[in-house]
Every structure is written in C-alpha cells, then in structure tokens.
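Let's walk through this structure together, one region at a time. Keep the model open beside the text and follow along.

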Amino acid sequence: MDMPCKPSSYQPNDPVRYIEQFSCDNKNINQIFRIPIFLSGSAVAAGTDAAPVVRYFDAHGIQHSTADFKGHPTMLFLLATWCGSCAAGLHSLNAHAEELRDSGLHLAILNTYRNEGSEGPPIDAFVAQWAPALDTANVTLGNASAQLEAAYNPRHVPDIYYLIDAKGK
C-alpha cells in the first residue's frame, strides 16, 4: 500500500483489527496519542484501498462528505457522547493538542449515528468538556449519518478511530 499512514501489522480477514502502531511521516501515532487504535474491518471497500466516501453533518447540521478529507491526512474518530472510553480518548487528544496542531493532521470527531440510541450531550459540548485545547482550525465536529455509520461502524461500537491519508486511503 502506498500510504503515509499504514498499519504495521495488517490482517485483512479480522473483522476488528487491533493495530499496534501506525507510521505517519516517521512518527509513531500511538506515541502521540498513547491509546490503542481499533479499526473496523468493513471500512475499506473490497478491492480498493480508498476510504469510503459518505456524507456526515457538522455540529451545525450542514451536510459534508468524507471526500472533503482528500488532500489532508485525517483521523476520523467516531464516538458516543455517553461513552467513558470516548471521553478518555478525547482527553488523550487534548493532552497532545499542540502536537496535533503542528502535525497538520485534521481531526474529524463525529458522534455515532443517533448516539447509538442513548442520551448524551451534543458533540460540541462533549468535546469542549473533555478536549478544550483542541484547535477548531484543524478539527471538524459533527454527527455521523446512517450511511457513514454503515460504512465505518457497522457493529455500532463507539470509540473507533480511522487514519485516512491525504490521498483518501
């Protein structure tokens, strides 16, 4: 795979893969975040390395597309605003806000579709509570559409991270 960010141990037959480290421009992404990164096996379409192009909504309800990520390395973080491990993930991102800002990595932090059926605060309030240092210049906050949820999180598990390179892979 010709990607700036690629798994060091790729196991395509596992429905959920634990990736020990990502190499991104010679940086160990886990050293930056100090959290395990889980990827759902369904997010890559069969026969292609391209990340699925689907729609989502920003925190103001305006529709966007994951195609907007092309040209920018992006971490897509799907979370639920009632989820304790999601809050911990945000807290970790917050601790490394300056490094993230300097790295050029775009963060797309999206609430899972309908918050996985549970009550919770709006995405912007949740992120403000757990990651107030994140700079809005390189962060998109929003809500997953049913289409995005089906492509990236078909098992409806909160606390899922994806790394999408600048080529959309």
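How many disulfides does the count come to? A disulfide is taken here as a pair of cysteine sulfur atoms within 2.5 Å, and by this rule the count comes to zero. In general terms, a disulfide is a covalent bond between the sulfur atoms of two cysteines. Buried means under 20% relative accessible area, exposed means over 50%, and partly exposed lies in between, using a 1.4 Å probe and protein chains only.

A word on the ground rules: this is a predicted model, in which local features need pLDDT of at least 70 and side-chain atom pairs count only at pLDDT 80 or more, while totals for chains, interfaces and linings use all residues. Residues are numbered from 1 along each chain as its sequence is written, and side-chain values use heavy atoms, with hydrogens and water left out.

Now turn to β8 (74-79). Helices (H or I, at least four residues) and strands (E, at least two) are DSSP runs, numbered from the N terminus. Six of the six residues in β8 are buried. Both faces are covered, with T74, L76 and L78 on one side and M75, F77 and L79 on the other. What are the partners of this strand? Strands pair if DSSP finds at least two bridges between them. β8 runs parallel to β9, joined by six bridges, and T74 stands opposite H106 in β9. With β11 (residues 160-164), β8 pairs in the antiparallel sense over five bridges; here L78 stands opposite I160.

Nonpolar side chains tend to be buried together in soluble globular proteins. A nonpolar core is a set of buried Ala, Val, Leu, Ile, Met, Phe, Trp, Tyr and Cys residues joined through side-chain atoms within 4.5 Å. The largest one has 23 residues, and those with the most contacts inside it are F77, L79, L90, L107, I109, V127 and L134. At least two residues each come from β8, α2 (84-95), α3 (97-103), β9, α4, β10 (139-144) and β11. The largest share, four residues, comes from α2. A second, separate core has 15 residues, including A51, Y56, I160 and I164. Leaving aside neighbours within four places in sequence, F77 is in contact with C86, G89, L90, L93, A108, I109, L110, D159, I160 and Y161.

Next come the loops. T66 lies in the loop between β7 (63-65) and β8, and at 7% relative accessibility T66 counts as buried. The side chain of T66 reaches the backbone oxygen of P52 at 2.9 Å. Beyond neighbours within four places in sequence, T66 is in contact with P52, V53, V54, Y56, L148 and Y152.

The loop between β9 (106-111) and α4 (123-130) holds N115, and E116 lies in the loop between β9 and α4 too. Most residues other than glycine have a negative phi. N115, although not a glycine, has a positive phi of about 55°, and E116, also not a glycine, has a positive phi of about 55°. Are these residues buried or partly exposed? N115 is buried, with a relative accessible area of 6%, whereas E116 is partly exposed at 21%.

How values were computed: A polar contact is a pair of N or O atoms within 3.5 Å; within protein, one must be able to donate a hydrogen and the other to accept it, and residues adjacent in sequence count only if both atoms are side-chain atoms. Contact means heavy atoms within 4.5 Å.
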